[in-house]
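I opened my notebook to look up a few things in one structure. I wanted to work from the parts down to single residues.

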Amino acid sequence: MISPVVLAPMAGITDKPFRRMMRQFGSQTLFTEMVGVESLHRNHPVTRKMMDIRDEGNLIVQLVGINPGAMVYAAQMAEANGAVGIDINMGCPVKKLIANGSGAALMKTPDVAARLVSVVAESVSLPVSVKMRIGWDDTHINAVSFAQTLVAAGAARLTVHGRTKAQGYAGTADWDIIRQVKAAVSVPVYANGDITDKTSADTALAQTGADGVMIGRGALGRPWILQEIESGIRPPIDRLSLVLQHLDLLLDYYGKHGIFVARKHIAWYARGKKGVAEFCQKVYAEQDVERVKKMITDFLKGEG
Ligand SMILES: Cc1cc2nc3c(=O)[nH]c(=O)nc-3n(C[C@H](O)[C@H](O)[C@H](O)COP(=O)(O)O)c2cc1C
């Protein structure tokens, strides 16, 4: 069962260590980072590692790509490894993906998008969902017809990020178009974009009539956020032990390189604290794990 408040797929962020952090705060549905299907098909070790999900529950694997055969290969692997759903990325604005027609470029080719959905839906017994935007740019807002095409092709759920590809992550999300999509299709629709707390989640649900909400940037440095939004109460947290635990998980997973991956997370956990800029500068200049841990401890000791 997909929970009504879910974590957004975020490349470079929602990796296994991040998901372990989130899991302490509940069993809500989480997403992997986007997994490049062509790269997986070529057996690229970094992409392959992203499919190591056998020990996780309630996890949807998000796939990105354009080649139907590679998409099916990846979807079947995700199913065999225990995913509860397959999501196809039709919203990513990254140039490399757009150049080969995948990610948000699929919103310009509904027929190609629909075919991807139907071949994947036929190849697995899991629900196949799509994460899309509202359109390519201000003059090409096609979310409603695009959504209808995908549902006709077999999409079991849609998440709509209320921005165009041209907007990237700037400006505000247009929740009214999400409302129009929800009104036009029979499958569950999740609202995404600018939902960061209980108040914005409730407002988005009321304005869109959506079946659930997806949280992206609001989860950065806040692994408890899904629980907080579901229950309306922030669980008690010990920020210092959370950061140290996350750092250890990253080191376990990525080896020495983990200290570099950890930097942005450390900065997000420390956000809003007095002296954070200077603290981050010091952390970013240090590669010795023990010294980084001491900096974190000195800075966050006693912080809730
Ligand atoms: C760093 C970063 C990485 C992202 N990676 C992905 C991704 O892999 N797949 C995807 O569908 N969306 C990706 N997104 C988009 C988010 O899932 C989400 O749609 C967007 O951030 C808007 O939601 P928010 O306002 O809650 O952050 C990414 C966003 C960010 C900021």
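I began with what a contact is: two residues are in contact if their C-beta atoms, placed from the backbone, lie within 7 Å. With that I looked up Val213. Leaving out residues up to four places away in sequence, I found that Val213 touches Val5, Tyr190, Ala191, Ile195, Ala201, Ala204 and Leu205. I also noted that this is a predicted model.

**Entry: the core.** Next I asked which residues have the most contacts inside the largest nonpolar core. They are Leu63, Val117, Leu150, Val213 and Ile215. The core has 84 residues. Helix 7, residues 143-153, gives the most to this core, with 6 residues. I then checked where the core lies. Residues come from both domain 1 (5-231) and domain 2 (239-300), so the core lies between them. I wrote down a general remark beside this: in soluble globular proteins, nonpolar side chains tend to be buried together.

**Entry: the two domains.** I looked up how the protein chain is divided. Domain 1 covers 5-231 and domain 2 covers 239-300. Taken over C-alpha atoms, their centres are 29 Å apart. The contact takes 7 residues from domain 1 and 9 residues from domain 2. On the side of domain 1 that touches domain 2, I found 4 nonpolar residues, 1 polar and 2 charged.

**Entry: strand 2.** Is strand 2 enclosed or open? I checked its residues, 30-36, and 7 of the 7 are buried, so strand 2 is largely enclosed by the rest of the structure. I then looked up its pairing with strand 3, residues 59-64. The two strands run in the parallel sense, over 5 bridges. Phe31 stands opposite Ile60 in strand 3.

**Entry: the ligand.** How many residues surround the ligand? I found 23, and the closest are Ala8, Ala11, Met34, Gly216 and Arg217. By type, the shell divides into 10 nonpolar, 9 polar and 4 charged residues.

**Entry: Gly218.** I found Gly218 in the loop between strand 8 (212-215) and helix 10 (225-231). Is Gly218 buried or exposed? A residue counts as buried if 20 or more other C-beta atoms lie within 10 Å of its own. Gly218 has 21 other C-beta atoms within 10 Å, so Gly218 is buried. Leaving aside neighbours within four places in sequence, Gly218 is in contact with Ile195, Thr196, Asp197 and Ile225. Last, I looked up a distance: Gly218 and Val181 are 37 residues apart along the chain, and 23 Å separate their C-alpha atoms.

Technical notes:
Residues numbered from 1 in each chain as written. Predicted model: local features only at pLDDT ≥ 70, side-chain atom pairs only at ≥ 80, totals over all residues. Domains from an automatic or database assignment. Nonpolar A, V, L, I, M, F, W, Y, C, P; charged D, E, K, R; others polar. Near = placed C-beta within 6 Å. Helix = DSSP H or I, 4+ residues; strand = E, 2+ residues; numbered from the N terminus. Buried ≥ 20, exposed ≤ 12 C-beta atoms within 10 Å, placed from the backbone. Core = buried A, V, L, I, M, F, W, Y, C linked by C-beta atoms within 7 Å. Pairing = 2+ DSSP bridges.
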